[in-house]
Amino acid sequence: MISRNDFEIGSTTFRYKGDEFPLAKIKNARVKLNTLKDHTLKLFLIGAIFSSIVWVICPEGFGMIMAPIAFVIGVAFSMFTINKYELQVEFEHIDETGLQWVSVVGSSKVESKPYLKIRRRL
């Protein structure tokens with residue numbers, strides 16, 4: 001569970017546990033409520049990544065059998081990483097990537113939502 005002690009906002013950095021973000025690079029923050037569409041997309045993409053790895057390793061006969069199994073394993077694996085709420089920051093990278101929303105922390109517990117909402121003031 002997320003607690004108030006997990007977060008620290010210093011004069012130049014924002015910290016969540018071991019992750020540190022320079023405040024000068026953070027442009028915005030939001031608490032995202034993930035929908036069924038978000039969860040479905042995540043399940044499909046992780047399953048596709050697992051399946052693709054099998055296709056790269058063994059593209060012929062054995063891959064045809066193992067790729068669907070790897071897809072199912074990827075979907076099952078990603079089910080354990082689904083979060084209903086996510087604290088995201090809009091972060092400006094130093095390379096050509098530009099602005100990008102980065103998930104800092106996620107939780108499925110309703111009790112964690114107030115701690116995430118407090119952090120919107122970054």
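1. Start with the helices: the axes of H1 (residues 36-57) and H2 (residues 61-79) come within 7 Å and cross at roughly 145°. Axes here are lines fitted to C-alpha atoms, for helices over the stretch in contact, with angles running from 0 to 180 degrees between N-to-C directions. Helices (H or I, at least four residues) and strands (E, at least two) are DSSP runs, numbered from the N terminus.

2. Keep in mind that this is a predicted model, where local features need pLDDT of at least 70, side-chain atom pairs count only at pLDDT 80 or more, and totals for chains, interfaces and linings use all residues. Residues are numbered from 1 along each chain as its sequence is written, and side-chain values use heavy atoms, with hydrogens and water left out.

3. Now the sheet: it is open, with 3 strands in the order S1-S2-S3 and antiparallel pairing. Strands pair if DSSP finds at least two bridges between them. S1 (7-9) and S3 (19-22) are the edge strands, each pairing on one side only. From one strand to the next, the twist averages 15°. S2 (residues 13-16) is joined to S3 by 4 bridges, and Arg15 stands opposite Glu20 in S3.

4. Finally, look at Ser78, which sits in helix H2. Buried or exposed? Ser78 is buried, at 1% relative accessible area (buried means under 20%, exposed over 50%, partly exposed in between, with a 1.4 Å probe and protein chains only). Leaving aside neighbours within four places in sequence, Ser78 is in contact (heavy atoms within 4.5 Å) with Lys42, Leu43 and Ile46.
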